[in-house]
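Hi there,

Here is the structure I promised to pass on. Have a look at it first, and my notes follow below.

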Amino acid sequence: MNIRQIPRISLRDFDTRRCQIGKELIEAAENVGFFILVDQQRPSKQEIEEMFALSTKYFALPDQIKARYPFIREQNSGWEKNAQIRPSTGVADPKESLQLQYFRRNKYWPNDLSDIPQFHETCLNFMESSQDLSMKILSIFAVALGFPQTFFSEAHDLSFEDCLSTMRLLRYHDVTGKVSEMPQWRAGAHTDFDVLTLLFQETGGDGLEVCPGREAHTNFAVGDEWTAVPARTGEITVNIGDMLMAWSDDRFKSLYHRVKAPEPNGNLKARNSIAYFNQPRPHVRIEGPTGKCRALTASQYISNAMERYYRPTKGPE
Ligand SMILES: O=C(O)CCC(=O)C(=O)O
Ligand SMILES: [Fe+2]
C-alpha cells in the first residue's frame, strides 16, 4: 500500500497567509495532485450540509420526475442512473447523478420540483461559493505557471453564457443485502478531464481512493497502489484535472481515483458526494508555458474526453 499522504491545507486567514498557503497548494499540486482543504470561508460547513440535505431530497424523488431532464452527453447535463460506463471497468457505476451547468440554470435545471422549491436557489448559491473558492486556488496556480493572476478567473467567468463549469450531485446506491451482486467499484478508476475539481464528501461515506505516481499526461495510471482519502463533512477534497495537467505541461498531476464498494460489514447505506468541476469557456486555448502538450480549445478537449468516458474502451493489459 502506498503511504503517500494526501496533504491537508488550512485556508484560515487566506488573505494574510496567501503566500504560505500558496506554497502548500503548489507543492501539493506538483507532488500529489490531490489535497484536502479545511477552514475555508465559502462554502461553509453549513452550506455544505444544506446542499447534501437538498441532494438527498432530490434523489428521493421518483425516477419519472428526475427523468424529465435526462442526461444529454453533448451538453454534459442532466440526470442519469446506472448509465456511466467507465473505460477502466467496462460496466456502469452503480449510482445516479445530476449534472448542472451554471449557464443552463434557466434552461436545463429541474426548477419545477414542487416538493423542493428551494432547489434552484440553493444550487445556485452553492455553485457560486464553489466558484469563489476555486478561483482563489486557481489564482495561485496561474501565477505559479507564469500567467497573470486573473488568467483562470477570466477563462472560467460564470457571468458569460457559455462557461462550462458544472456541479454534479452523486448518489451511490444503498447496497444492503446486495454487496455480493454489486460491482467492486462504486465509481471505476478515472481521471477528471476538467481543470480543477472540488469534491465534497460526507462523514461515513469512505471509499474514495487515489493512485499517486502519475508522471505524464497519458491514458492510464502508471502505478497501481491506492491511497484512501477519508470522507468528512465540511472538508473539501480537491484534485487537479487533466486540462490543468496539460495546461501546466504535466507539472501539476491529475491522478486516477475511484470509489470502492463497501465491505460486507461496512457502511452499506447510500453514499452521497458532490463535485464542482471547473471547466473553461469553449474557445479558451489549453496551452502550457513550454508547449509540451498539444494545444486544444476547451471545447475540443471536453468533446474528446466525453467520447472516451461515456463508452467502454479497452484498458491496459
Ligand atoms: O463520489 C466521489 O467521491 C468521486 C466522484 C468522482 O470522482 C467523479 O464524479 O468524477
Ligand atoms: Fe472524478
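**Around ligand 1**

An N or O atom in the side chain of Arg168 is 3.1 Å from an oxygen atom of ligand 1. (A polar contact here is a pair of N or O atoms within 3.5 Å; within protein, one must be able to donate a hydrogen and the other to accept it, and residues adjacent in sequence count only if both atoms are side-chain atoms.) Asp192 has a polar side-chain atom 3.1 Å from an oxygen atom of ligand 1, and for Arg271 the corresponding distance is 2.9 Å. Of the 290 Å² of accessible area that ligand 1 has on its own, the protein covers 97% (Shrake-Rupley method, 1.4 Å probe; for residues, only the protein chains shown count as cover).

Before going on, some housekeeping: this is a predicted model, in which local features need pLDDT of at least 70 and side-chain atom pairs count only at pLDDT 80 or more, while totals for chains, interfaces and linings use all residues. Residues are numbered from 1 along each chain as its sequence is written, chains are lettered from A and ligands numbered from 1 in the order in which they are written, and side-chain values use heavy atoms, with hydrogens and water left out.

The residues around ligand 1 (a heavy atom within 4 Å) include Tyr172, Leu199, Val259, Ser273 and Phe277. Strand E12 (271-278) gives two or more residues to this shell, as do E5 (166-172) and E11 (256-260); E12 gives the most, with three. Helices (H or I, at least four residues) and strands (E, at least two) are DSSP runs, numbered from the N terminus.

**The iron ion**

Which residues coordinate the iron ion (ligand 2)? They are His190 (NE2), Asp192 (OD) and His257 (NE2), at 2.1 Å. Donors are N, O and S atoms within 2.8 Å of the metal (3.2 Å for Na, K and Ca); water is not among the atoms, so sites may look incomplete. Their spacing in sequence is H-x1-D-x64-H. His190 in strand E6 (residues 185-190) and His257 in strand E11 are 67 residues apart, linking distant parts of the chain.

**One loop to check**

Arg42 and Pro43 are joined by a cis peptide bond, with omega about -10°. Pro43 lies in the loop between strand E2 (34-38) and helix H2 (45-60).

Best wishes
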